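Have the picture at hand as you read.

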Amino acid sequence: MELAGLAARLDRISTDDRILMVPMDHGITLGAVKGLKDIEGTIDAVTRGGADAVLTQPGIAPRVHDNKNGAGYVVHLNASTVVGPESNDKRQTGSVKSAIRAGADAVSMHINVGSDYEPEQMTFLSELCEEANEYGVPVLAMAYARGANLEGDDPEHDAEYLGHAVRLAEECGADLVKTAYSGDAASFEHVCESTRLPVIIAGGSPVSDLATLENVRGAMDAGAAGVSMGRTIFQHDDPEAMTRAVSAVVHDDADAEDALSASGL
């Protein structure tokens, strides 16, 4: 029965095994920034634009359901703030049971592989996966390479570290994994090949809409299952159009320039 429930819930947050998720849990981290004050309007816009699912912290659930236009809902279960003592130290904000009560189709958590807080986060991820499995609830692991124990000029985008991060997510029992994009399709193939889980990429901080879409195109060409893109979409001047453009790449296999043009951006 759990496997049937798991499959059904995965279907609710994806389309034909591809995923366009818009995370909007940033209010706990950054405060009520642009795009999150009227989170109801933003959720309506991105789901009209083609988002398969939205993601928030559990306390925001009452503001989600009436505005998501039938899209899936993921509840995120750990966090930190930019004004706290250590942003890599993500602490638990809920449980699988509380997420189910909030109407979640899936749960997620963030782990910083290579940080001093990796051991505690790895324990939480493993325990979360075990609890979620009892209820047939999918777990998205947001597995990043971040921390003082990593080497190199840009370890957060190093394909070897990212490959380790996504493999860790699988080893701990996650059902899908989000990580940073390594910067090009050739290196990101290693990341996708490091796990049998569906890999989705974070939005990052590209310099333009076209650069964003080129990153999405590169990730999809490397074998990714989609994206989980937050500020790049919800802080856009036209979140619905930007979602539509990303959806064209993820779901319709459009190239970046065609997707940009078709969305009206």
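Glutamate 240 forms a salt bridge with arginine 48, and their closest N and O atoms are 2.4 Å apart. Keep in mind that this is a predicted model. Glutamate 240 sits in helix H10 and arginine 48 in helix H3 (residues 39–48), so this pair ties together parts that are 192 residues apart in sequence. Glutamate 240 is buried, with a relative accessible area of 19%, whereas arginine 48 is partly exposed at 43%.

Why do such pairs form? Side chains of opposite charge can pair when their charged atoms come close. The structure holds 12 salt bridges, and the table shows some of them.

| Acidic residue | Basic residue | Closest N to O distance |
| glutamate 240 | arginine 48 | 2.4 Å |
| aspartate 89 | arginine 91 | 2.9 Å |

Aspartate 253 lies in the loop between H10 and H11 and arginine 217 in helix H8 (residues 209–222), so the two tie together parts that are 36 residues apart in sequence. Arginine 217 is buried, at 14% relative accessibility, and aspartate 253 is partly exposed, at 45%. Both belong to a network of salt bridges that also links Arg18 and Asp221.

Aspartate 253 has another feature to notice. Most residues other than glycine have a negative phi. Aspartate 253 is not a glycine, yet its phi is positive, about 60°. Asparagine 69 also has a positive phi, of about 50°, and is found in the loop between strand E2 (53–56) and strand E3 (72–76).

Some charged residues group by like charge instead: Asp153, Asp154, Asp158 and Glu160 gather in a patch of negative charge on the surface. Glutamate 160 belongs to helix H6 (residues 159–172) and is exposed, at 53% relative accessibility.

Finally, how many disulfides are there? The count is zero. Cysteine 129 has its nearest cysteine sulfur, that of cysteine 172, 6.8 Å away. For cysteine 192, the closest cysteine sulfur is also in cysteine 172, but it is 19 Å away, too far for a bond. Cysteine 129 is buried, with a relative accessible area of 6%, and cysteine 192 is buried at 10%.

Notes. Residues are numbered from 1 along each chain as its sequence is written. This is a predicted model: local features need pLDDT of at least 70, side-chain atom pairs count only at pLDDT 80 or more; totals for chains, interfaces and linings use all residues. Side-chain values use heavy atoms; hydrogens and water are left out. A disulfide is a pair of cysteine sulfur atoms within 2.5 Å. Buried means under 20% relative accessible area, exposed over 50%, partly exposed in between (1.4 Å probe, protein chains only). Patches are made of residues with over 30% relative accessible area and no salt bridge: like charges are joined within 9 Å, nonpolar side chains (Val, Leu, Ile, Met, Phe, Trp, Tyr) within 5 Å. Accessible areas come from the Shrake-Rupley method with a 1.4 Å probe; for residues, only the protein chains shown count as cover. A salt bridge is a side-chain nitrogen of Lys or Arg within 4 Å of a carboxyl oxygen of Asp or Glu. Lys and Arg count as positive and Asp and Glu as negative; His and the chain ends are not counted. The place of a charge is taken as NZ of Lys, CZ of Arg, CG of Asp or CD of Glu. Helices (H or I, at least four residues) and strands (E, at least two) are DSSP runs, numbered from the N terminus.
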